[in-house]
Structure formats: C-alpha cells, structure tokens
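Keep the sequence and the 3D view open while you read.

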Amino acid sequence: MSQTMNQKKRLSAIMGTPVQPDAPHPPAPGIPTGYTPVAGATPPPAPEKRPTAARSMAAMWAASRPGPAEADGAVIELDPDLCLPSAIADRVPDATDAAFDAFVAQIREEGQHTPILVRRHPRQDGHYEIAYGRRRTRAAKAIGKPVRAVLRDLSDAELVVAQGSENLAREDLSYIERAHFARNMEQAGIAREVILKAMGVHRPDLANYLAVAEAIPAAVLAAIGPAPKIGRPRWLTLADRIKAAAPERIEAALASADLAGKTSDERFAVVLAALAAQPPRKAKPRAETVKDARGVKFARIERSTDGMRVTLDEKAEPGFADYLAERLPELLATYRQGRG
C-alpha cells in the first residue's frame with residue numbers, strides 16, 4: 001500500500017469521513033463577496049510532480065469534508081499578500097535556507113502544481129489564513145505571481161488537523177519544528193486529542209515533544225534555526241546544558257561570531273560546544289611573606305593543592321638561595337628522621 005493511500009486513510013480517520021479517490025472537480029461558478037481573488041476559479045492543477053511522501057493533501061482534504069458549493073473542489077488564485085500564516089506556527093525561520101531559493105526557482109520554471117489550503121481569516125476581512133502551503137505562498141510572492149489555493153470554511157480545530165496532516169507527509173520538517181508546533185498548539189488552547197490527531201503521534205511521543213520544546217528558550221531556537229539533521233537526543237543534551245549554564249554564558253554563546261555564515265545544523269553544534277561543561281577552576285595559591293628578625297622580607301611562600309613554592313629575594317639576602325638548595329637533601333633527611 002502506498003504512503004499516499006496511508007495518508008488518505010489517516011485523514012479519513014481524523015475527519016470521520018470517507019476519502020474518495022482524487023478526481024477532477026468542475027470549476028466553481030463564482031467567488032462569494034467579502035474577498036477579491038486575483039482571478040476567478042480555475043480548473044484543478046496537473047498531477048503533483050513531487051515525491052509521493054511529500055505530496056500535498058489539498059485534494060484529499062477537499063474530498064474529505066463538505067464545503068460551500070461555490071468553492072467545493074475548486075482551485076482559485078489569490079494575491080499572496082492577502083494570505084497570512086496560521087496563528088500556530090510549524091516552521092522555524094532560517095535565513096540560511098538555501099533549499100528555499102531552489103524551491104522558488106522550481107516554481108518559477110514549472111509553476112505551482114499543488115495548491116495551498118486556506119480559510120477566510122477570522123479576524124482580518126479580505127484576508128486568508130493558511131492551513132498549509134506557507135512556503136508556496138512565499139515563493140509565489142517572490143516571483144510576483146498569484147498563489148493557487150483551495151478555500152475551505154474551517155474551524156480552528158480543523159485548521160490545525162489539516163496543517164498537521166500535511167506535516168505528516170513532509171520529509172523536511174525537523175524534530176524541533178514538530179516539537180514547537182505541538183507546543184504552539186497547546187499554548188493556543190487546542191485540545192490534547194486534537195493535537196494528537198494533528199501530529200499523528202501517541203501520548204508518550206507528544207509528551208517528549210512538549211518537554212523538548214519547553215526546555216529550549218525562544219532566543220536559542222531563533223539563533224539556531226530548524227536544524228534539520230538534529231534529532232531528539234542532541235536537543236535533550238542541549239537542554240541539559242542550558243539548564244546548567246549561567247544566563248550570561250548562554251547570551252555569550254548566542255552572540256558568538258562563530259555563528260556567522262554557518263548552516264542551521266552547524267549553528268547548533270557551535271552553541272552546544274559553547275555550553276559544554278567547563279573544567280573546575282583551580283584555586284589561586286595562597287601567598288605569605290617571610291621576614292627576618294629585622295623585619296626585612298626575604299622569602300615568599302605560595303601554597304596550593306599541588307604543593308608549595310618558595311621564592312627567595314636575592315637582594316635581601318644574597319647567597320641564601322644557593323645555601324638552601326645545597327642543604328635540601330640534608331633537611332629532608334632530618335625531617336624524615338624526626339618523623340620516626
């Protein structure tokens with residue numbers, strides 16, 4: 001059974017509605033007032049050319065639940081400036097994401113094969129909230145073209161389930177992005193059962209995600225980025241080091257010049273190394289001054305856990321250093337004899 005079919009069955013189970021095979025849909029007769037598409041409804045796009053595991057689930061979502069008759073199954077074109085990200089972020093920004101530049105170049109050359117999924121924005125008239133497809137929207141904006149979208153009337157819970165279902169099919173969402181997606185849903189008041197459905201995980205897995213996300217401060221995440229090759233064990237190691245480090249040491253690690261020009265994974269390694277446990281500092285030797293009967297300082301003694309150092313002042317007592325050095329074996333023998 002293909003992974004795409006597994007995704008369809010999972011989405012069917014989430015929504016409680018059978019998912020029909022993908023099929024062309026007739027264009028919508030019109031778009032309701034209250035928002036202005038860049039162009040009218042258009043026929044469905046050509047089959048997706050991306051790998052099966054990364055295919056968008058817009059078509060499956062369109063078939064899985066009823067929608068307004070004028071938009072059911074239709075693909076419309078929208079101004080990307082009117083499409084705002086979901087309030088529950090699943091991506092960690094990364095200014096060094098070279099893959100996005102390649103993604104833009106691909107869409108410029110081949111066009112946008114897979115539509116995004118949006119709903120009318122609940123708080124901003126004339127705008128739309130993206131359930132999934134934020135990178136496609138950014139790419140469309142970068143090349144100055146409208147973004148192809150499926151419009152649905154989604155509740156908050158349905159939006160995050162759709163958003164999470166798309167994440168399940170993506171291979172490039174890193175561990176820490178999934179962890180913060182779970183935490184963002186929880187902080188937004190999404191029910192735990194809905195979070196489990198959106199992420200397709202069991203309760204122990206969700207607890208692990210939330211624990212890691214809670215342990216990584218926002219400033220650290222912003223400095224590192226998504227770190228696509230870093231898994232849970234190393235994030236836990238970083239979390240332990242953050243917990244043990246002083247705040248000023250964490251700030252110094254995040255401000256390090258070594259982060260400049262590095263990829264997200266490399267920045268993780270820099271911060272992890274900077275917060276490694278430091279060897280304990282040796283206590284400074286205790287120093288004391290020795291004076292003769294006249295009160296003249298002629299020697300300095302420094303004691304530490306490793307031993308004792310005697311420094312003689314040749315100017316105060318010329319020749320005494322040689323005298324003492326010659327008699328050290330004799331002094332040692334006398335000391336040992338005295339100890340019995």
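Setting aside its neighbours within four places in sequence, Leu 196 is in contact with Val 201, His 202, Arg 203 and Leu 206, where contact means heavy atoms within 4.5 Å. This is a predicted model, in which local features need pLDDT of at least 70, side-chain atom pairs count only at pLDDT 80 or more, and totals for chains, interfaces and linings use all residues. Residues are numbered from 1 along each chain as its sequence is written, and side-chain values use heavy atoms, with hydrogens and water left out.

Back to Leu 196, which is found in helix α7. Helices (H or I, at least four residues) and strands (E, at least two) are DSSP runs, numbered from the N terminus. Is Leu 196 buried or exposed? Leu 196 has a relative accessible area of 11%, so this residue counts as buried. The cut-offs go like this: buried is under 20% relative accessible area, exposed is over 50%, and partly exposed is in between, using a 1.4 Å probe and protein chains only. In α7 (residues 192–199), Val 194, Ile 195, Ala 198 and Met 199 are among the other buried residues.

Leu 196 and Ala 182 are 14 residues apart in sequence, and their C-alpha atoms are 8.7 Å apart in space. Ala 182 is one of the buried residues of α6. That helix is mostly covered, with 10 of its 13 residues buried. (The expected span is 1.5 Å times one less than the number of residues.) Just after α6, Gly 189 takes a positive phi of about 85°.

Now for the core. A nonpolar core is a set of buried Ala, Val, Leu, Ile, Met, Phe, Trp, Tyr and Cys residues joined through side-chain atoms within 4.5 Å. The largest one has 49 residues, and Met 185, Met 199, Ile 216, Trp 235 and Leu 238 touch the most other members. Its largest share, 6 residues, comes from α6. A second, separate core has 11 residues, including Ile 76, Ile 116, Ile 130 and Val 147. As for Ile 216, its contacts beyond four places in sequence include Ile 176, His 180, Trp 235 and Leu 238.

Ala 227 is a curious stop. Its phi is near 45°, a positive value in a residue other than glycine. You'll find Ala 227 in the loop between α9 (218–224) and α10 (232–244), and it is buried, with a relative accessible area of 0%.

Next, some side chains that meet. A polar contact is a pair of N or O atoms within 3.5 Å; within protein, one must be able to donate a hydrogen and the other to accept it, and residues adjacent in sequence count only if both atoms are side-chain atoms. A charge sits over a ring if NZ of Lys or CZ of Arg is within 6 Å of the ring centre and within 35 degrees of the ring normal.

| Pair | Kind | Distance |
|---|---|---|
| Asp 156 and Arg 119 | polar contact, side chain to side chain | 2.9 Å |
| His 113 and Glu 110 | polar contact, side chain to side chain | 3.4 Å |
| Arg 135 and Phe 103 | charge over ring | 4.9 Å from the ring centre |
| Arg 138 and Phe 100 | charge over ring | 3.8 Å from the ring centre |

Asp 156 lies in α5 (residues 156–168) and is partly exposed, at 49% relative accessible area. His 113 is in the loop between α3 (98–110) and β4 (116–120) and counts as buried, at 14%.

Last, the rings. Rings of Phe, Tyr and Trp (its six-membered ring) pair if their centres lie within 6.5 Å; planes under 30 degrees apart count as stacked, over 60 as edge-to-face and the rest as tilted. That rule gives 4 aromatic pairs. Ring pairs link Phe 298, Phe 320 and Tyr 323 into a cluster.
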